[in-house]
Amino acid sequence: MMAGEELITRRLEAGDFHKGYMGLLAQLTVAGDVTEEAFKARVEEMAARAPDYHTVVIEDSAASRVVATATLLIERKILRNCGKCGHVEDVVVDKDVRGKHLGQKLINELIRIAQEQGCYKVILDCADYNTSFYEKSGFVKKEIQMVKYF
């Protein structure tokens, strides 16, 4: 942690729009041109879906800036005795603060939430070059991912 940083891990809030959240997501993929109104509506929708939807952020409160985020979606299944499966999505750490183990902190928090919610497993998709990062949290390669975009 750099001098002056006060890092807080918490849930995503509507005010994060002004704390650089969309710019952070843009470091991961195409974030789109989301208005503040649309952002707030989506955050409210996601909050209403708790406990099956968890977006966690790390905020540098000294700078009033969100520097990392990740999401856990909990799928309610019929198989495995009506079990639950956690899906990790949208993991990104701001390029200016990478190397400080913030991504690891986020992943470990999502794993904790998944266990707390009774998930029998947590899965995620990642680029090949990121596999060693996730292996540090106990993930193992299994099968392949396929996708169809519309």
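Here is a walk through the cysteines and the aromatic rings of this structure. The model is predicted, so local features need pLDDT of at least 70 and side-chain atom pairs count only at pLDDT 80 or more, while totals for chains, interfaces and linings use all residues. Residues are numbered from 1 along each chain as its sequence is written, and side-chain values use heavy atoms, with hydrogens and water left out.

Let's start with the cysteines. Searching the whole structure turns up zero disulfides, a disulfide being a pair of cysteine sulfur atoms within 2.5 Å. Take C82: the closest cysteine sulfur belongs to C119 and sits 14 Å away, so that's too far for a bond. C119 is in no disulfide either, with the sulfur of C85 as its nearest cysteine sulfur at 6.7 Å.

Now for the rings. The whole structure holds four aromatic pairs; rings of Phe, Tyr and Trp (its six-membered ring) pair if their centres lie within 6.5 Å, and planes under 30 degrees apart are stacked, over 60 edge-to-face and the rest tilted. One of them joins F133 to Y134, edge-to-face, with 4.8 Å between centres and 80 degrees between planes. Y134 also pairs with F139: their centres are 6.1 Å apart and the planes meet at 80 degrees, so this pair is edge-to-face. Y134 is buried at 8% relative accessibility and F139 is buried at 14%, while F133 is partly exposed at 24%. Elsewhere, F17, Y21 and F39 make up one aromatic cluster.

Technical notes: Buried means under 20% relative accessible area, exposed over 50%, partly exposed in between (1.4 Å probe, protein chains only).
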